[in-house]
Amino acid sequence: MVRDELHRILCDKFNVEQIYSEYGMTELLSQAYSTGKGIFNTPPWMKILIRDTNDPKTILTNQQTGGINVIDLANVYSCSFIATQDLGKVHRDSSFEVLGRFDTSDIRGCNLLVT
């Protein structure tokens, strides 16, 4: 089941217009939040970069789909950097979407859905 289908079912069952959620992981200190429609926004100290799926050293421009890299500067003495197996794209306003996972990636992570 894809996210849009799940969100549609939840909206119907709970009689709400949108599903709000967060994107983050244990290794990071910060989370990105969605106020609906699967579009996430980060705090100012967290940055999302999209890498080419065939060349991980190549960072893609806005609106291109690739692997999600997360840089989190929340800790004063270190920088968390994660190259995830999530697929996504960054929009011109720095918001981003999670579109799925790499085909060969493990099923893992958590997404807290709130109605």
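The exercises below concern a predicted model, and each one comes with a worked solution.

**Exercise 1. The overall fold**

Task: Find out how many helices and strands the chain has and in what pattern they follow. Then work out why the size of the chain agrees with a compact globule.

Solution: 
- Step 1. The secondary structure comes to one helix and eight strands.
- Step 2. Reading along the sequence gives the pattern α-β-β-β-β-β-β-β-β.
- Step 3. A compact globule of 115 residues would have a radius of gyration near 13 Å; the chain has 14 Å, so the two agree.
- Step 4. Along its principal axes, the C-alpha trace spans about 45 × 35 × 30 Å.
- Step 5. Of the 115 residues, 35% count as buried.

**Exercise 2. The nonpolar core**

Task: Which residues have the most contacts inside the largest nonpolar core, and which strands supply at least two residues of this core?

Solution: 
- Step 1. The largest nonpolar core has 14 residues, and Tyr 23, Ile 48, Ile 68, Val 70 and Phe 96 have the most contacts inside it.
- Step 2. Strands β4, β5 (66–72), β6 (80–90) and β7 (96–101) each supply at least two residues of this core.
- Step 3. The largest share, three residues, comes from β4.
- Step 4. Now zoom in on Tyr 23. A salt bridge

Task: How many salt bridges does the structure hold, and is Asp 86 buried or exposed?

Solution: 
- Step 1. The structure holds one salt bridge.
- Step 2. Asp 86 forms this bridge with Arg 101, and their closest N and O atoms are 2.8 Å apart.
- Step 3. The pair links distant parts of the chain, with Asp 86 in strand β6 and Arg 101 in strand β7, 15 residues apart.
- Step 4. Asp 86 has 9% relative accessibility, so Asp 86 counts as buried.
- Step 5. Arg 101, at 27% relative accessibility, counts as partly exposed.

**Exercise 3. A buried charge without a salt bridge**

Task: Locate Arg 51, and find which side chain of opposite charge is nearest to Arg 51.

Solution: 
- Step 1. Arg 51 lies in strand β4, which covers residues 46–51.
- Step 2. Arg 51 is buried yet has no salt bridge. The nearest side chain of opposite charge belongs to Asp 52, 8.5 Å away, whereas a salt bridge needs the nitrogen and oxygen atoms to be within 4 Å.
- Step 3. The side chain of Arg 51 does make a polar contact with the side chain of Asn 69, at 2.6 Å.
- Step 4. Not counting residues up to four places away in sequence, Arg 51 touches several others, including Pro 56, Leu 60, Ile 68 and Phe 102.

**Exercise 4. Buried or exposed?**

Task: Decide whether Ser 34 is buried or exposed, then do likewise for Lys 57.

Solution: 
- Step 1. Ser 34 is in strand β2 (residues 32–34), while Lys 57 is in the loop between β4 and β5.
- Step 2. The relative accessible area of Ser 34 is 4%, so Ser 34 is buried.
- Step 3. Lys 57 has 78% relative accessibility and therefore counts as exposed.
- Step 4. The side chain of Ser 34 reaches the backbone oxygen of Ile 39 at 3.1 Å.
- Step 5. Among the residues that Ser 34 touches, not counting those up to four places away in sequence, is Phe 40. Lys 57 and Phe 40 are 17 residues apart in sequence and 24 Å apart in space, C-alpha to C-alpha.

Definitions and conventions: Residues are numbered from 1 along each chain as its sequence is written. This is a predicted model: local features need pLDDT of at least 70, side-chain atom pairs count only at pLDDT 80 or more; totals for chains, interfaces and linings use all residues. Side-chain values use heavy atoms; hydrogens and water are left out. Helices (H or I, at least four residues) and strands (E, at least two) are DSSP runs, numbered from the N terminus. Buried means under 20% relative accessible area, exposed over 50%, partly exposed in between (1.4 Å probe, protein chains only). Lys and Arg count as positive and Asp and Glu as negative; His and the chain ends are not counted. A polar contact is a pair of N or O atoms within 3.5 Å; within protein, one must be able to donate a hydrogen and the other to accept it, and residues adjacent in sequence count only if both atoms are side-chain atoms. Contact means heavy atoms within 4.5 Å. A nonpolar core is a set of buried Ala, Val, Leu, Ile, Met, Phe, Trp, Tyr and Cys residues joined through side-chain atoms within 4.5 Å. The radius of gyration is taken over C-alpha atoms; the globule rule is 2.2 Å times the number of residues to the power 0.38.
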